[in-house]
Protein chains: 2
Amino acid sequence: MKKDYTQLGKQLGYQFNNESLLKQALTHRSAKGAHNERLEFIGDSLLGMFVAEALYFNFPKATEGELTRMRSQIVRGQTLTKIAKAFELSNWLVLGPGEMKSGGFRRDSILEDAVEAIIGAVYLDSDIEQCKKFVLGLVEEYLAAVDPSKALKDPKTRLQEWLQSRQQPLPVYEVIETTGQAHNQMFTVECRLETGESMVAKGSSRRKAEQAAAEKALEVITK
Amino acid sequence: MKKDYTQLGKQLGYQFNNESLLKQALTHRSAKGAHNERLEFIGDSLLGMFVAEALYFNFPKATEGELTRMRSQIVRGQTLTKIAKAFELSNWLVLGPGEMKSGGFRRDSILEDAVEAIIGAVYLDSDIEQCKKFVLGLVEEYLAAVDPSKALKDPKTRLQEWLQSRQQPLPVYEVIETTGQAHNQMFTVECRLETGESMVAKGSSRRKAEQAAAEKALEVITK
């Protein structure tokens, strides 16, 4: 069955000059032929950059930390999966036999990668300005909905709230190393969860190291 | 003493229309007035994107993993510090009284941030094409020198070599959790170092999870 990539282009709001780029963007490495991993690499960096730029201008008073957290709300896998599902990209994926049956988070991660790869493909097929327009179209509703107050919460607070909402005990933070002198110290902090998982991070203050460790813990437990 | 930003612009190879942007890019948050944190946010994403694009075209046969590793060789702090030192940015930093005396990695991190902030400032002062030219000029020698064979080594190998070169015992990897079924499994692996540090990572195979944990360990110990 021949797929109608012009039709998909219409849905995506971008008509490819070279439709084989779009096909490649939808081809998982498990399938034969040109797959989407390199396109994903370039698409991921374009997505991050355009979202960073949009947030910079949309939130002129946000701090760097707030901008970083808002960006990760938008470019995280969950959002990309939603975008992929809105375009029913599942129907367009080209998968190898081993991946045909996979579902759940494995399928979600294939969909996320495809969204990034499509962004890379649009860039290679056109130019940076058209790619920007395409990306801002994809993330429009998420950019509009991004919640600075949510983004304001620091990782330790979010980790605490996440654990409490699941009736799990609070994490234990411990300074396991300090190096350097007075004006030049580096703290290494371990954040241990009741589940036995343990994350280590560094920072120029105890507080920063704890926040960084909490951030890592959130990544692990919410992935 | 008034600083001659036109002079610095000449050295950097970009003349600012609005020199206050360059001054802001060199101003640490510890100083009074407009500081460089937001510029750094946007500069960081522009740098990552332009380097990703250059590597994509320079290495048409590199896999996504190789591209990712080459990029982190170029955009890591160490490289940015070298760039900052080549332009003697230390002499141009605007610091608060508390930071004036700081040296070592703390000063290095301030310099790295300034390089990223200057990239953001060039973008805001001009456009994406001029910013691209500027960034490629900054990283030219690092792009030319990037070593695909070095980049080819996987994190577990690099971690092992790093530890061996310091006469430290090899890390211990342990699967601490598996979830999901047959076509859809997720492995959680812990990588423990003799120093007591422990990193946890997930992956769709035991090997991938181990590599991800080794990558985290490398980040922590080489930071």
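**The A/B interface and some local features**

Modeller: In this predicted model, chain A and chain B together bury about 4,600 Å², and 58% of that area is on carbon and sulfur atoms.

Biologist: How many residues of each chain are in contact there?

Modeller: There are 51 residues of chain A in contact with 51 residues of chain B.

Biologist: And which elements of chain A supply that side?

Modeller: At least two residues each come from α3 (37-58), α4 (64-75), α6 (104-125), α7 (128-145), β2 (186-192), β3 (198-203) and α10 (206-222) of chain A, and the one that gives the most is α3(A), with 15 residues.

Biologist: How do the residues on that side divide into nonpolar, polar and charged?

Modeller: On the side of chain A that touches chain B, 21 are nonpolar, 13 are polar and 17 are charged.

Biologist: With those charged ones around, how many salt bridges does the rule find across the interface of chain A and chain B?

Modeller: The rule finds zero salt bridges between chain A and chain B, although ten residue pairs are in polar contact between the two chains, counting pairs with both residues at pLDDT 80 or more.

Biologist: Switching to the core: which residues touch the most other members of the largest one?

Modeller: Those are Leu26(A) and Leu26(B), in a largest nonpolar core of 106 residues.

Biologist: What does Leu26(B) touch, leaving out residues up to four places away in sequence?

Modeller: On that count Leu26(B) touches Tyr5(B), Leu8(B), Asn36(B), Leu89(B), Trp92(B), Leu93(B), Val94(B), Ala114(B) and Ile118(B).

Biologist: Now backbone angles: which residue of chain B other than glycine has a positive phi near 45°?

Modeller: That is Glu88(B), in the loop between α5 and α6 (104-125) of chain B. In chain A, Glu88(A) follows α5(A) and has a positive phi near 50°.

Biologist: What about Gln167(A), is it buried or exposed?

Modeller: Gln167(A) counts as exposed because its relative accessibility is 70%, over the 50% cut-off. Gln167(A) lies in the loop between α9 (155-165) and β1 (172-179) of chain A, and its phi is positive, about 50°, although it is not a glycine.

How values were computed. Residues are numbered from 1 along each chain as its sequence is written. Chains are lettered from A and ligands numbered from 1 in the order in which they are written. This is a predicted model: local features need pLDDT of at least 70, side-chain atom pairs count only at pLDDT 80 or more; totals for chains, interfaces and linings use all residues. Side-chain values use heavy atoms; hydrogens and water are left out. A nonpolar core is a set of buried Ala, Val, Leu, Ile, Met, Phe, Trp, Tyr and Cys residues joined through side-chain atoms within 4.5 Å. Buried means under 20% relative accessible area, exposed over 50%, partly exposed in between (1.4 Å probe, protein chains only). Contact means heavy atoms within 4.5 Å. Buried area is the accessible area (1.4 Å probe) that two parts lose on being put together, summed over both. A salt bridge is a side-chain nitrogen of Lys or Arg within 4 Å of a carboxyl oxygen of Asp or Glu. A polar contact is a pair of N or O atoms within 3.5 Å; within protein, one must be able to donate a hydrogen and the other to accept it, and residues adjacent in sequence count only if both atoms are side-chain atoms. Helices (H or I, at least four residues) and strands (E, at least two) are DSSP runs, numbered from the N terminus. Ala, Val, Leu, Ile, Met, Phe, Trp, Tyr, Cys and Pro count as nonpolar, Asp, Glu, Lys and Arg as charged, and the others, Gly among them, as polar.
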